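Open the model in your viewer and keep the selection panel at hand. The stops below say what to select and what is there.

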Amino acid sequence: MTSASRVPHPRASADRLGRLLNLVPYLLARPGIPIADAAAGLDVTEKQLREDLELLWVCGLPGYGPGDLIDMAFDGDRVTITYDAGIDRPLRLTPDEALALVVALRMLAETPGTGTRDAIERALAKIESAAGDLAGAPVAVRLPADTERLDAIRGAVERGHALHLTYYTAARDETTERVVDPMRVLMVGGRGYLEAWCRRAEATRMFRVDRIDAFTELDEPAAPPAQAVPQDVSHGVFHPTPDLPLVTLRVGRSSRWITEYYPVEQVRPDGDEWVVSMRVTDLGWAQRLLTGVGPDVTVVAPPELVDRIRARTNTALDQYN
Amino acid sequence: MNLAHASAEITHRGPRLLAFLLVSRTRTERLVNLVICLLSTRRFLTAAQIAATVPGYEHDPEDPRDHEAFQRKFERDKAELRELGVPLEIGTPNAFDNEPGYRIARREYALPDILLEPDEAAAVGIAARLWQHAGLAAAASSGLAKLRAAGVEVDPQATLGVEPVVTVDPAFGPLTGAARVRRAVTFAYRAPENDEPVTRRLEPWGVVCWQGRWYVVGHDRDRRATRCFRLSRIVGNVKATGRAGAFTPPAGEDLISHVARWSGPVAHNGRATVTVRPGRAAGLRRWAIDSVAGADGDVLTVPYSDVERLAATLVGYGPDVRADGPPELREAVIQQLKEVVARYDRLSATAVPT
């Protein structure tokens with residue numbers, strides 16, 4: 001108990017040590033930098049930066065005499081390191097840092113439609129060279145190659161115009177015309193999306209680029225209203241909400257893959273079958289997907305979906321008699 | 001002491017020396033001094049020499065309890081430096097002494113010179129923001145902080161036309177770590193067609209992102225063959241086993257090809273004739289290469305590769321579409337429709353009325 005209260009949190013202490021070892025070379029590279037700018041650049045508060053400088057001010061080479069300690073000159077609100085005591089370079093990248101930067105750059109380089117691919121590849125080569133032995137990050141990335149449409153959309157978005165879209169909505173199986181104010185283009189899970197304010201729905205929408213069948217740039221500028229806020233896509237694009245209809249299925253062994261492709265609420269084994277529940281935006285979509293998905297998938301709820309599948313299948317079969 | 005005061009006194013050594021002597025030594029300060037000391041020495045310094053030099057290690061070596069406390073403190077500090085990535089070298093100070101000594105080789109410590117053009121620096125800045133995974137996001141931003149300390153100026157406002165959202169499964173960190181040092185791993189793997197996870201033993205060559213999903217490729221020690229595993233199917237922790245450098249991945253191996261071979265491009269050489277009710281089946285119309293108005297709807301020509309798969313799509317469209325040809329498509333649709341009817345008839349026969 002007592003040791004826990006006496007020993008400072010090891011992570012916090014390691015973080016601060018790393019920050020301090022970085023601080024001297026950072027300031028060395030920027031003589032006379034305003035303290036406020038340095039704090040912003042280092043992502044710390046001004047108060048924290050001043051405390052860090054106070055600590056460094058009593059550190060230095062063995063002997064710890066006047067000429068051994070780290071020294072700095074202040075000119076108003078500006079600071080210059082005048083003696084670095086030998087920590088003039090930042091510490092090399094750790095394996096995790098090299099991995100995180102190299103993989104993210106490879107991901108960027110693979111992303112279709114980025115206008116600065118050349119710069120990304122040059123940056124990647126330099127980071128890999130600086131990382132030395134760690135450069136061979138054992139990670140390879142390949143994203144889909146359908147660059148043409150994404151490229152066209154990106155160009156249109158960068159020019160800052162509102163767009164007229166011909167868009168296929170899979171949930172309702174319809175192709176509609178709409179005017180949107182583009183906000184950003186992004187890749188999620190290997191697919192391209194245009195996030196935009198849809199004037200028809202009066203809401204922010206995520207449009208799959210492969211379902212934009214045609215688009216034209218309008219003369220008016222893109223002007224998303226204040227309430228158009230980018231969606232958090234860190235957990236995917238489709239976020240089922242409790243107000244959506246809940247569908248329950250019995251799924252045989254050979255069709256269990258659908259639980260990996262569609263966000264499901266619950267999976268409960270029942271004998272050899274799985275009882276799967278999922279939320280869907282539209283019962284018509286559920287009917288189209290689930291009727292033909294496989295010979296061992298049966299919808300058990302809601303009853304209106306079951307009735308709809310039976311009625312439509314029987315009518316469809318009548319066509320062939 | 002504060003800096004406003006300090007700056008006024010910057011030329012006066014007196015108060016500063018006083019501050020040096022009087023302030024209570026924090027752990028961080030001791031560690032900074034330790035790093036500076038070990039960077040400045042070419043000789044290996046023993047623990048006793050370090051204790052006699054670096055402020056914060058003062059103790060009485062003759063007092064066993066005090067000495068033991070020092071040793072524990074020094075061990076903790078070494079561990080912290082290593083965790084931070086400081087390359088601590090161990091060697092013997094001289095031929096007459098078995099006591100280990102320590103130093104830090106500057107060449108190993110320092111980030112090599114890196115000069116990034118503004119557009120390159122912007123790309124790195126954007127890349128560092130892509131991670132949605134907390135651990136990798138932290139690693140990317142501390143890596144970026146080192147580049148900035150090396151003099152790289154990064155525009156935080158820079159954007160690219162398209163930004164990938166990079167998410168990874170929890171197994172990503174342990175698997176890339178094991179692949180890097182070439183250690184074997186053990187994990188529980190659950191393919192959806194199996195009821196229970198199966199323990200797999202793998203020599204991981206690398207991790208691959210293919211069409212938005214992550215896979216690990218390597219030599220499966222039980223199957224004695226190359227295998228790919230989807231990271232999202234790994235259950236629980238990945239455990240690294242055995243020594244580092246336990247295997248050598250095949251040279252020049254294209255890891256992506258192992259994953260991609262199962263999902264290459266599909267040729268849609270078949271041509272189906274499908275009659276579609278006016279205004280319906282928009283999704284099917286998008287696939288059609290031709291559409292002609294007929295007596296009971298639009299007659300589409302739809303390219304396809306697999307009869308059963310196209311039939312399943314048409315079954316989903318129900319009475320909105322009718323498969324007219326080729327005959328094997330028509331038969332497949334009828335067969336599948338009959339199966340659906342039979343399945344739902346069984347369902348209502350077994351369902352308990354409520």
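Start with both chains shown: 100 residues of chain B are in contact with 112 residues of chain A, where contact means that C-beta atoms, placed from the backbone, lie within 7 Å. This is a predicted model, in which local features need pLDDT of at least 70 and side-chain atom pairs count only at pLDDT 80 or more, while totals for chains, interfaces and linings use all residues. For your selections, residues are numbered from 1 along each chain as its sequence is written, chains are lettered from A and ligands numbered from 1 in the order in which they are written.

Helices (H or I, at least four residues) and strands (E, at least two) are DSSP runs, numbered from the N terminus. Colour that side of chain B by class, and 61 residues come out nonpolar, 22 polar and 17 charged. Here Ala, Val, Leu, Ile, Met, Phe, Trp, Tyr, Cys and Pro count as nonpolar, Asp, Glu, Lys and Arg as charged, and the others, Gly among them, as polar.

Next, select 139-142 of chain A and 198-210 of chain B. These are strand 4 of chain A and strand 6 of chain B, which pair in the parallel sense over four bridges; pairing requires that DSSP finds at least two bridges between two strands. Within this pair, V141(A) stands opposite C209(B).

Stay in chain A for an open sheet of three strands, with order 1-3-2 and antiparallel pairing. Strand 1 (33-34) and strand 2 (71-75) are its edge strands, each pairing on one side only. Strand 3 (residues 78-83) pairs with strand 1 over two bridges, and R78(A) in strand 3 is the bridge partner of P34(A).

Now select 283-291 and 303-318 of chain A. How do helix 9 and helix 10 of chain A cross? Their axes come within 10 Å and cross at roughly 60°, the axes being lines fitted to C-alpha atoms over the stretch in contact, with angles from 0 to 180 degrees between N-to-C directions. Helix 9 of chain A is therefore oblique to helix 10 of chain A; angles under 35 degrees count as roughly parallel, over 145 as roughly antiparallel, 65 to 115 as roughly perpendicular and the rest as oblique. Show side chains here: L283(A), A286(A), Q287(A) and T291(A) of helix 9 meet residues of helix 10 including E304(A), L305(A) and R308(A).

Definitions and conventions: Contact = placed C-beta atoms within 7 Å.
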